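Dear colleague,

Here is the structure you were to receive, with the sequence alongside. My notes on it follow below.

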Amino acid sequence: MDAVLEVHGLRKRFVRRGHVVQANAGVDLRVAPGQVVGLLGHNGAGKTTLVNQVVGLTRPDSGTVRVCGADAVARPDLARRLVSVQAQANVPITGLTPARAVELVGRIRGARPAVARHRTSELLESLDLMPWARTPAEKVSGGVARLTAFAMTAVAPGRLVVLDEPTNDVDPVRRRLLWAQIRRLADEGSGVLLVTHNVREAERVVDRLVVLDQGRVLADETPAAITARRGGTLTLELDLAPGRHPMTPDGLVLVDRGRLRATAAVPAAHAAAAVQWASDELAAGRLERYALAPASLEDVYVELVGEGSGDGAAASAAGAADEATEVAA
Amino acid sequence: MTTTTAAPATLSTALTTPRVSALRQLPLLLRWQARRMASALPLLVLVQILLSVATVIGYGLLVGQPAPAEALYLATGAPTVSLVMVGLVMTPQLVVQSRTEGSADWMRTLPVPRELFLAADLLVWTLIALPGVVLGVLAGVLRFHVHLAPSWWLLPTALVVSLTAAAVGYAMAWLLPGTIAQLMSQVLVFVVLLFSPVSFPADRMPVWLQHAHHWLPIEPMAEAVRAGLAPGSFTVPGRSVAVLLTWCVVCVAGAAFALRRRA
């Protein structure tokens with residue numbers, strides 16, 4: 001199947017206050033139609049720079065960006081017809097109501113009036129936004145504004161839909177409705193590139209995850225494949241009883257997490273024994289609660305990114321300097 | 001990977017790829033802009049009216065009871081001042097604001113030709129300036145008892161003047177850092193109000209400044225509007241028309257370049 005987005009060897013650096021920042025250092029990425037691809041990475045990992053290059057707001061130093069096969073660097077106008085974007089910052093729509101803004105954007109994007117109107121009410125209903133549909137935008141909450149921005153992006157979706165932190169400020173109930181709509185966009189043929197920090201929730205929706213750190217792709221796999229990196233290790237979570245110490249068997253190393261909490265890594269083969277031990281300790285009153293959980297994507301993500309990034313600014317400045325010499329050479 | 005399923009009618013028909021005609025997009029953009037500015041609109045128009053009328057009355061206070069020729073200069077200079085003000089002051093302020101709040105960059109992700117943003121903004125701002133221009137002219141007629149005979153080509157002239165000034169403001173706001181752009185616009189106001197032959201004849205200025213104004217767009221703007229308002233008393237030299245049109249083309253191209261520019 002032809003990709004809706006194909007990024008290859010993308011490099012972009014900026015000079016900010018005298019420092020060279022390598023925002024993208026050779027990024028490869030592919031989104032197929034019908035796929036939701038999660039783009040994970042902490043602040044400054046290069047996610048927004050990547051998005052800006054896809055829609056021609058920023059010009060790459062080198063590398064290619066193809067949207068449905070079209071060269072997005074040479075023809076940004078074509079890319080913009082094929083891509084719809086929800087920006088990281090909420091677009092102020094003071095003076096408009098959510099319904100009017102969504103419908104107007106749909107029509108600007110080329111939807112016929114009847115289609116734009118129908119799609120608008122469909123989206124506002126699906127996201128439970130009808131109570132605010134006719135409220136002036138300056139009077140709605142941050143969460144409603146965020147969902148409105150999503151609806152503005154999804155009303156006449158491009159072949160590629162880019163969502164930059166769509167769940168920010170959204171309440172848990174509506175967040176589920178939002179995830180369903182995101183999934184629906186992909187199920188109905190668009191490719192979705194989902195930029196997020198929300199590792200836990202993204203895990204359930206995405207088909208593939210791309211982890212970006214310091215402008216480089218650290219991993220590009222299914223969520224299951226990424227968690228499988230932990231090699232079948234489970235995590236035993238314990239709530240300790242105040243003033244009591246559990247008696248640990250050989251081979252089980254408790255890591256103190258503070259405030260009467262502890263964890264231990266348990267190989268899958270020893271899971272049954274670990275549970276038996278924990279229930280005995282619970283019966284003896286030395287534990288208040290225990291849980292055996294698979295290694296979460298969040299744990300793996302933190303491990304993956306944590307190793308590389310060290311202490312933020314210093315590390316990335318050094319990385320950027322290396323990059324600069326590399327580029328110059 | 002999920003396979004593509006057949007899309008229900010609404011979503012699949014909403015999926016966009018075709019080019020949307022600019023003629024269909026322009027009114028939609030105008031609606032977007034007008035609604036976004038709706039709450040500030042009455043105030044903006046009012047400020048324009050006040051500015052335009054105050055220019056006439058304020059200059060009147062400075063010069064007392066002017067001779068008929070001077071009075072005609074004052075009355076026919078006021079509309080140029082308000083058109084130029086909208087372009088050089090309001091345009092950069094609103095563009096800088098929308099850049100700071102992030103809406104400008106998001107709007108640029110829409111499949112809209114860059115020139116269309118410029119056209120929509122210019123139309124909105126020209127309409128905002130219009131009541132002020134008309135009332136400024138009326139104030140001049142009443143205050144200085146001059147006779148004006150506006151000709152049909154005053155309207156296209158006003159549009160060219162407005163377009164040129166707004167394009168300068170637009171390019172400035174997109175190419176310079178926000179604070180510098182706003183500072184520049186303040187300086188330009190000062191130059192236009194006091195050191196340009198708009199409300200007084202050019203020969204009152206030092207020779208070097210007269211020469212400078214031969215190449216700047218302000219004097220041709222004033223000449224064109226004046227000749228449109230009182231064709232019996234003033235004419236526009238062909239050279240001024242050429243200078244003004246050149247500035248217009250260069251500034252609009254510059255503004256379009258600024259909008260197309262990629263970081």
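**Two helices of chain B**

Helix H4 (residues 68–100) and helix H8 (residues 178–194) of chain B pack with their axes 10 Å apart, at an angle of about 175°. An angle over 145 degrees counts as roughly antiparallel, and H4(B) and H8(B) are therefore roughly antiparallel to each other. On the H4(B) side, the contact is made by B:Val81, B:Val84, B:Met85, B:Leu88, B:Val89, B:Pro92, B:Gln93, B:Val96, B:Arg99 and B:Thr100. H8(B) contributes B:Gly178, B:Ala181, B:Gln182, B:Ser185, B:Leu188, B:Val189, B:Val192 and B:Leu193. Sorted by class, this contact of H4(B) with H8(B) has twelve nonpolar residues, five polar and one charged.

Please keep in mind that this is a predicted model. The values here are computed from it.

**Chain B as a whole**

Of the 263 residues in chain B, 43% are buried. Taking the contacts in chain B between residues at least 6 apart in sequence, 82% join residues at least 24 apart.

**Where the chains meet**

How many residues of chain A are in contact with chain B? There are 41, and they touch 39 residues of chain B. On the chain A side, helix H2 (76–82), helix H3 (98–108), helix H4 (113–126) and helix H6 (172–187) each supply at least two residues. By class, that side of chain A has 19 nonpolar residues, eleven polar and eleven charged.

**Helix H1 of chain A**

Is H1(A), residues 47–54, mostly covered or mostly open? H1(A) is mostly covered, with eight of its eight residues buried. These are A:Lys47, A:Thr48, A:Thr49, A:Leu50, A:Val51, A:Asn52, A:Gln53 and A:Val54. After H1(A) comes A:Gly56, which has a positive phi, near 75°.

**Confidence in chain A**

The average pLDDT of chain A is 84, and 92% of the residues score at least 70. Over residues 308–329 of chain A, however, the pLDDT is below 50. That stretch has 23 contacts in the model beyond near neighbours in sequence. Where pLDDT is low, the predicted coordinates should not be read in detail.

Regards

Notes. Residues are numbered from 1 along each chain as its sequence is written. Chains are lettered from A and ligands numbered from 1 in the order in which they are written. This is a predicted model: local features need pLDDT of at least 70, side-chain atom pairs count only at pLDDT 80 or more; totals for chains, interfaces and linings use all residues. A residue is buried if 20 or more other C-beta atoms lie within 10 Å of its own, exposed if 12 or fewer, and partly exposed in between; C-beta atoms are placed from the backbone. Helices (H or I, at least four residues) and strands (E, at least two) are DSSP runs, numbered from the N terminus. Two residues are in contact if their C-beta atoms, placed from the backbone, lie within 7 Å. pLDDT is the predictor's confidence in each residue, from 0 to 100. Ala, Val, Leu, Ile, Met, Phe, Trp, Tyr, Cys and Pro count as nonpolar, Asp, Glu, Lys and Arg as charged, and the others, Gly among them, as polar. Axes are lines fitted to C-alpha atoms, for helices over the stretch in contact, and angles run from 0 to 180 degrees between N-to-C directions. Angles under 35 degrees count as roughly parallel, over 145 as roughly antiparallel, 65 to 115 as roughly perpendicular and the rest as oblique.
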